[in-house]
Each structure stands twice: as C-alpha cells, then as structure tokens.
Amino acid sequence: MSIEINNESGVDVDEAALQRLATFALDQLHVHPDAELAILVVDEAAMEQLHLQWMDEPGPTDVLSFPMDELRPGTDEFQTPAGLLGDIVLCPQVAIAQAETAGHSPMDEMLMLTTHGLLHLLGFDHAEPDEEKEMFGIQREILAGFSVDERRSR
C-alpha cells in the first residue's frame, strides 16, 4: 500500500496510527496492495477554503474525500485493481472539538474520520438511510477490528 501522509495543520497528529488504520482498512476491503492513497492534514483556514470550493458550504469541516480512479471494494475472491484511490483531507481542530462533544479522544475521532473518508473514496455514501446504515456499519466494523488488531500487536 502506498499511503502518503502530509501534516500541514500545525497540530501534532499520530501519523503512524493513521497509516496503520488506512492499511488495515484497505486490507479489510480487499483493495490491491499497490493502490495509492494520500492523507492531507490541514488547518481550519485551508479546510474552510476546500469546503467552500468543492461543497459550496461555508466554514471548515472535519473530513473531505477526493476520489481519483473510482475504485470499489473487492471481495475475498476478487481484489480491487491497483490504482489511485484519491485524497482524504482531515482537519484536526474540527476533530478535537467533535471528540470533546462525543466524549472520546481526538485520536479516536481522527481514526474514525480517516475511515469515513476512505469509505467515501471507495464509493460509499450516506445520503439515503439504507446507504447510511451500510456505510456506518462497515465503518464500525473496521474501527472495531483495528482496535483489536492494535491491542494484539502491543
């Protein structure tokens, strides 16, 4: 897996954990090991600019996804072809505020947002109730599996 992480936010983020999560999630979703993913961590001003430019919505948001090759998840029998997954853009300042409201750590929020962004890159959405149920169910499964995997590797 080629996962490039670039932190331009000025906030200390556990980039190794984001990379481990992305690798775990892509493996769980049967994405080819030669697929490429970029994760960009930006400050609120940069995120607000992207949010306005691409979503026509004011203010910073927590995560944006920019798919490239429109790859979809594979299966046990058929792996996704190699290609460019795209970019996930995270805003840790927004994640920190959301984590406080949700009652968990900022890193847990960043891991959740990374998973969420990755699922969007693979074509999942949550505009309709059935789509939301599927996407958030997969998101929970990945995060739970990653948590178990992280505890095993310690």
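## A charged surface patch

Which residues form a negative surface patch? The patch is made up of Asp 125, Glu 128, Asp 130, Glu 131 and Glu 134, where a patch joins like charges within 9 Å among residues with over 30% relative accessible area and no salt bridge, a salt bridge being a side-chain nitrogen of Lys or Arg within 4 Å of a carboxyl oxygen of Asp or Glu. Asp 130 belongs to helix α5, residues 129-152, and is exposed at a relative accessible area of 57% (exposed means over 50%, buried under 20%, and partly exposed in between, with a 1.4 Å probe and protein chains only).

This is a predicted model, in which local features need pLDDT of at least 70 and side-chain atom pairs count only at pLDDT 80 or more, while totals for chains, interfaces and linings use all residues. Residues are numbered from 1 along each chain as its sequence is written, and side-chain values use heavy atoms, leaving out hydrogens and water.

## Two positive phi values

Most residues other than glycine have a negative phi. His 30, however, has a positive phi near 60°; His 30 sits in the loop between α1 and β2 and is partly exposed, at 25% relative accessibility. Asp 56, also not a glycine, has a positive phi of about 55°; Asp 56 lies in the loop between α2 and β3 and is exposed, with a relative accessible area of 64%.

Methods
Patches are made of residues with over 30% relative accessible area and no salt bridge: like charges are joined within 9 Å, nonpolar side chains (Val, Leu, Ile, Met, Phe, Trp, Tyr) within 5 Å. Accessible areas come from the Shrake-Rupley method with a 1.4 Å probe; for residues, only the protein chains shown count as cover. Lys and Arg count as positive and Asp and Glu as negative; His and the chain ends are not counted. The place of a charge is taken as NZ of Lys, CZ of Arg, CG of Asp or CD of Glu. Helices (H or I, at least four residues) and strands (E, at least two) are DSSP runs, numbered from the N terminus.
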